[in-house]
Protein chains: 2
Amino acid sequence: MNTIGIGLLGAGTVGGTLIKRLTTDHAAIAAKTGLDLQVRRVAVRDPGKSRNLDIPEGMFTTDAQSVIDDPEVDLLVEVMGGQEPAGPLVLRALEAGKPVVTANKELIAARGYDLIAAAEKSGVALLFEAAVGGGIPIIRPLSETLAGERLTRVMGIVNGTTNFILSQMTEEGTAYEDALAEAQELGFAEPDPTADVGGADAAAKAAILASLGFGTWVGLDRVPHTGITEITATDIRYADDLGYTIKLLAIAEDTDNGVSARVHPVLLPHAHPLSAIRGATNAIFIEGPAIDTLLFAGPGAGGDPTATAVLGDVIDAAREILAGAQVAPRIRFAPSSLADFGSVPTKWYVRLEVADLPGVLAQIASAFGEANVSIKSVWQEETGEEATLLIVTHLAPESEQQNALAAVNELDCVHAVAAAIRVESEEA
Amino acid sequence: MNTIGIGLLGAGTVGGTLIKRLTTDHAAIAAKTGLDLQVRRVAVRDPGKSRNLDIPEGMFTTDAQSVIDDPEVDLLVEVMGGQEPAGPLVLRALEAGKPVVTANKELIAARGYDLIAAAEKSGVALLFEAAVGGGIPIIRPLSETLAGERLTRVMGIVNGTTNFILSQMTEEGTAYEDALAEAQELGFAEPDPTADVGGADAAAKAAILASLGFGTWVGLDRVPHTGITEITATDIRYADDLGYTIKLLAIAEDTDNGVSARVHPVLLPHAHPLSAIRGATNAIFIEGPAIDTLLFAGPGAGGDPTATAVLGDVIDAAREILAGAQVAPRIRFAPSSLADFGSVPTKWYVRLEVADLPGVLAQIASAFGEANVSIKSVWQEETGEEATLLIVTHLAPESEQQNALAAVNELDCVHAVAAAIRVESEEA
């Protein structure tokens with residue numbers, strides 16, 4: 001039997017589920033893979049805490065370094081999260097020649113370049129299938145199966161919390177605050193939801209998708225992100241009338257000016273496959289000249305799906321250990337320029353509160369025109385002394401769209417730019 | 001630079017596209033993977049044929065064995081299709097210690113067990129991502145990422161021709177023959193469409209999905225299959241009224257009685273994600289206790305997407321060659337019983353033409369009851385002297401459903417069992 005000793009950093013939701021699976025499914029995994037996977041040592045903050053896990057209490061330690069150093073630990077699973085102290089620990093394990101499996105999106109997005117280089121130098125694997133899309137296999141398809149495809153765009157619903165909130169707002173007409181409260185009650189949102197609703201969580205995933213999809217390293221600090229806190233039920237309703245669904249997307253593109261990654265709410269045409277992804281489900285949509293489009297959908301979070309992804313990586317790393325060779329890291333990062341966000345073509349839905357007077361539309365149209373932004377459609381609703389204008393623009397560089405918005409906002413006849421949300425995946 | 005020599009068996013649609021991609025995308029692939037992939041020798045039936053490929057004419061040969069024997073060929077790509085002579089050639093290459101990438105679903109489904117064993121014995125890779133789902137990454141996710149999950153069911157729309165025909169019939173009300181003719185005109189169906197419309201193509205894919213999904217070898221001869229030739233626009237309309245879409249599915253399940261794989265048309269609830277898959281698109285839906293459900297959708301055929309999948313495998317095999325180790329084959333086939341189809345729980349939609357007389361429903365209901373099949377719903381439409389009965393049963397073993405159908409067919413009051421189609425993915 002091919003025994004592989006596993007050390008864990010962290011035994012929270014994902015770590016605990018992984019330990020349970022390694023115990024209860026031990027025979028099934030051995031039959032399918034020929035591997036005898038054994039947990040050897042687990043670093044936790046509080047070893048005395050009751051965990052209901054079927055492993056000896058003596059395996060728990062507060063000393064993470066001792067897990068790395070344990071000669072019986074052949075590979076390390078990092079499921080503690082965050083950059084510190086996970087980063088230095090993972091680096092030390094790789095430098096010590098031990099393969100690492102991690103579910104830590106923030107760590108990979110922020111320091112992946114150096115960690116992947118360290119893994120390559122030591123000739124061991126650094127695998128992170130669980131870092132994006134939870135239980136959805138996406139890292140491996142992107143970096144292996146599609147390695148020969150010149151992808152043009154990878155975009156996805158990669159944050160279940162925000163998709164749940166937007167789905168509730170869309171389907172029930174709920175206000176943002178109420179949908180957030182419901183998500184918190186149901187356990188879909190953290191007590192402090194900032195990282196989710198502000199877009200930072202999705203930004204880390206966008207950075208990883210862009211880096212793997214285009215073979216150009218995109219660090220977390222290069223991903224502009226906006227969350228969903230400003231989205232109103234009003235705009236969701238107007239968007240629906242115009243044929244769009246509002247989603248928070250991570251968008252990674254290979255543009256004429258270089259690789260770009262960004263996260264923000266978008267109006268997506270109803271017919272787009274990502275528009276149909278409801279609740280906490282995640283989905284990733286991939287475009288390329290040869291494969292046309294691919295859609296992957298499934299559970300983006302949760303202990304069970306995430307543990308399945310970690311386990312797949314563990315099995316893969318174990319096979320490499322037994323084969324005595326290191327096939328991963330599976331992607332090189334070619335020197336290539338990143339696009340400045342200002343140069344990326346975007347198009348916008350803009351909701352304006354304006355004075356209901358003759359000539360107002362002409363003033364607004366010429367403000368857009370002077371900023372080189374063409375208007376695709378205008379829809380007007382009169383509400384007494386004021387009128388609401390819904391404008392959808394044609395594609396233009398982000399910087400020109402921003403200039404147009406600023407110019408429109410300066411006009412006396414415009415009482416408020418009540419909403420401005422980008423429109424995605426629609427021609428021009 | 002890490003140069004890998006590639007030999008091809010076949011230069012048809014997929015092979016020709018692959019050769020083009022290896023030429024035009026050579027630099028991009030090298031930048032992303034660090035690999036210098038070079039075509040060395042190509043076996044074809046007619047070396048003189050004009051192919052419009054940017055490789056020296058001298059590379060073409062009619063002697064397939066010479067491709068395998070060429071010392072400059074490090075790995076073999078088999079894209080000729082069929083079992084003969086592809087089977088013995090692939091076997092000889094593996095025995096000679098050369099990794100093989102193939103897109104040949106029929107070969108893998110029929111002889112995969114022996115070929116995988118030969119690959120394992122020689123310590124080289126046998127990869128076949130393109131064999132199921134064309135450009136959709138599914139083989140690798142199933143056999144690697146999900147290796148630690150105890151899957152319960154894998155089902156999919158794995159034949160684009162039949163899905164195109166059924167979509168046309170559903171959306172346009174077209175008759176089967178007209179939809180087939182349209183598919184042929186558009187190039188979605190072969191001049192001889194038998195393998196597609198009869199279900200044999202999907203059966204090969206079902207065998208592979210079952211084998212990899214459950215780690216139990218399911219040979220092609222163990223997959224009962226029915227095609228779509230008996231599906232009528234009438235039943236598509238009735239099914240729609242009852243809340244179902246008719247699809248041809250490959251279904252692989254881990255049942256109480258063992259692993260089962262089958263292909264047949266099904267009524268699928270409208271809300272099921274596979275119901276929304278239109279036209280020639282393929283999709284695979286995976287169920288398991290931890291991952292809940294996963295959906296993969298994309299182009300299931302065509303030179304470009306299939307070549308992308310083959311290329312991904314080539315890159316993977318090349319990495320293993322350079323690493324000097326063989327990590328694949330990635331799955332073991334545990335000895336495990338296959339379920340007899342008669343024992344597999346199914347449920348049915350049955351359309352009966354019956355005499356419009358009192359007591360007819362009672363006779364039919366008791367025929368079902370005596371065969372231990374419960375009726376879930378009955379819908380009756382009177383058409384003069386006859387009536388149409390639409391019956392949907394509850395789940396019962398396939399053999400009992402068949403007994404019920406035979407008994408009903410014997411009744412004098414039943415003029416015809418006009419249609420009988422299984423219902424999938426609905427409780428009980």
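Mentor: Two strands pair if DSSP finds at least two bridges between them. Please keep in mind that this is a predicted model.

Trainee: What makes β11(A) and strand β11 of chain B a pair?

Mentor: There are 3 bridges between β11(A) and strand β11 (residues 292-299) of chain B. The criterion asks for at least two bridges, and with 3 bridges the strands therefore count as paired. They run antiparallel, and Leu295(A) stands opposite Ala297(B) in β11(B).

Trainee: Why are the two copies said to be related as by a two-fold rotation axis?

Mentor: Chain A is superposed on chain B by a rotation of 180° with 0.0 Å of shift along its axis, at an RMSD of 0.0 Å. The two copies are thus related as by a two-fold rotation axis. Within chain A, the residue closest to the rotation axis is Phe296(A), whose C-alpha lies at 2.3 Å.

Trainee: How do you know that the same surface serves both copies?

Mentor: Of the contact residues of chain A, 100% recur in chain B. Contact here requires C-beta atoms within 7 Å, and 51 residues of chain A are in contact with 51 residues of chain B.

Trainee: Which element gives the largest share of the side of chain A that touches chain B?

Mentor: That is α12(A), with 12 residues. By class, this side of chain A has 25 nonpolar, 12 polar and 14 charged residues.

Terms used. Residues numbered from 1 in each chain as written. Chains lettered and ligands numbered in written order. Predicted model: local features only at pLDDT ≥ 70, side-chain atom pairs only at ≥ 80, totals over all residues. Least-squares fit on C-alpha atoms with pLDDT ≥ 70 in both. Contact = placed C-beta atoms within 7 Å. Helix = DSSP H or I, 4+ residues; strand = E, 2+ residues; numbered from the N terminus. Nonpolar A, V, L, I, M, F, W, Y, C, P; charged D, E, K, R; others polar.
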